[in-house]
Amino acid sequence: MASNGTVPIEEVWAMLKACAPGHTKKETDHNWRVMYEGQTYPNLSKGKHGRRQNPDIQVGQVKQMVRLFGIEDCAKKNIARLR
């Protein structure tokens with residue numbers, strides 16, 4: 001799996017809704033903190049500075065979070081860039 005490219009944050013939230021039911025997220029100054037089943041991914045980026053409407057998130061960050069939560073198979077079905 002290559003770790004280049006980006007994914008819109010809205011796709012990440014939709015994937016988490018489908019693959020990690022019950023997850024929670026908390027917005028901090030520069031990142032999102034995402035929690036699921038006792039695990040915390042503390043630094044999901046908010047994207048580049050400036051207008052942050054549906055920012056693009058680096059695929060590598062999404063992959064790290066997905067591995068931590070153990071939801072790789074489901075995530076690959078929901079975000080084509082992860083395949």
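Is K46 buried or exposed? At 10% relative accessibility, K46 counts as buried. The legends below take this residue and its surroundings in turn, working from a predicted model.

**View 1. K46 sits in the loop between β4 and β5.** K46 is a buried residue, because its relative accessibility of 10% falls under the 20% cut-off. Its side chain makes a polar contact with the side chain of E27, at 3.0 Å. A polar atom of the K46 side chain also lies 3.3 Å from the backbone oxygen of D29. T28 is in contact with K46 as well.

**View 2. T28 lies in the loop between β2 (24-27) and β3.** This residue is partly exposed, with a relative accessible area of 23%. The T28 side chain reaches the backbone oxygen of N31 at 2.8 Å. Leaving aside neighbours within four places in sequence, T28 is in contact with R33 and K46. T28 and N43 are 15 residues apart in sequence. Their C-alpha atoms are 9.1 Å apart in space.

**View 3. E37 occupies the loop between β3 (31-36) and β4 (39-45).** E37 is exposed, with a relative accessible area of 66%. Its phi is near 45 degrees, a positive value in a residue other than glycine. Most residues other than glycine have a negative phi. The side chain of E37 makes a polar contact with the side chain of Y36, at 3.4 Å. E37 is exposed, whereas Y36 is buried. A80 is 43 residues from E37 along the chain, and the two C-alpha atoms are separated by 24 Å.

**View 4. Y36 and F69 form an edge-to-face aromatic pair.** Their ring centres are 5.6 Å apart. The ring planes stand at 70 degrees, over the 60 degrees that the edge-to-face class requires, so the pair belongs to that class. Y36 is in strand β3 and F69 is in helix α2, 33 residues apart, so the pair links distant parts of the chain. Y36 is buried, with a relative accessible area of 10%. F69 also counts as buried, at 7% relative accessibility.

**View 5. W13 and W32 make an edge-to-face aromatic pair.** The structure holds 2 aromatic pairs. In this one, the distance is 5.1 Å centre to centre, with 80 degrees between the planes. The pair links distant parts of the chain: W13 belongs to helix α1 and W32 to strand β3, 19 residues apart. W13 is buried, and so is W32.

**View 6. Helix α1 (residues 9-19) has its buried residues on one side.** They are I9, V12, W13, M15, L16 and C19. These residues cover an arc of only 160 degrees around the axis, which puts them on the same side of α1. An α-helix has 3.6 residues a turn, so residues three or four places apart point the same way.

**View 7. The largest nonpolar core has 23 residues.** Those with the most contacts inside it are V12, M15, L16, L44, M65 and I71. Helices α1 and α2 (59-69) and strands β3 and β4 each supply at least two residues of this core. Helix α1 gives the most, with 6 residues. In soluble globular proteins, nonpolar side chains tend to be buried together.

**View 8. M15 is one of the core residues with the most contacts inside the core.** M15 is also among the buried residues of helix α1. What does M15 touch, leaving aside its neighbours within four places in sequence? It is in contact with A20, V62, M65, V66, I71, A75, N78 and I79. Two of these partners, M65 and I71, are themselves listed with the most contacts inside the core.

View 9. Helix α3 (residues 72-78) has the highest confidence, at 97. Strand β5 (residues 56-58) has the lowest, at a mean of 90. Where pLDDT is low, the predicted coordinates should not be read in detail.

How values were computed. Residues are numbered from 1 along each chain as its sequence is written. Side-chain values use heavy atoms; hydrogens and water are left out. Buried means under 20% relative accessible area, exposed over 50%, partly exposed in between (1.4 Å probe, protein chains only). Helices (H or I, at least four residues) and strands (E, at least two) are DSSP runs, numbered from the N terminus. The arc is that of the directions from the helix axis to the C-beta atoms. A polar contact is a pair of N or O atoms within 3.5 Å; within protein, one must be able to donate a hydrogen and the other to accept it, and residues adjacent in sequence count only if both atoms are side-chain atoms. A nonpolar core is a set of buried Ala, Val, Leu, Ile, Met, Phe, Trp, Tyr and Cys residues joined through side-chain atoms within 4.5 Å. Contact means heavy atoms within 4.5 Å. pLDDT is the predictor's confidence in each residue, from 0 to 100. Rings of Phe, Tyr and Trp (its six-membered ring) pair if their centres lie within 6.5 Å; planes under 30 degrees apart count as stacked, over 60 as edge-to-face and the rest as tilted.
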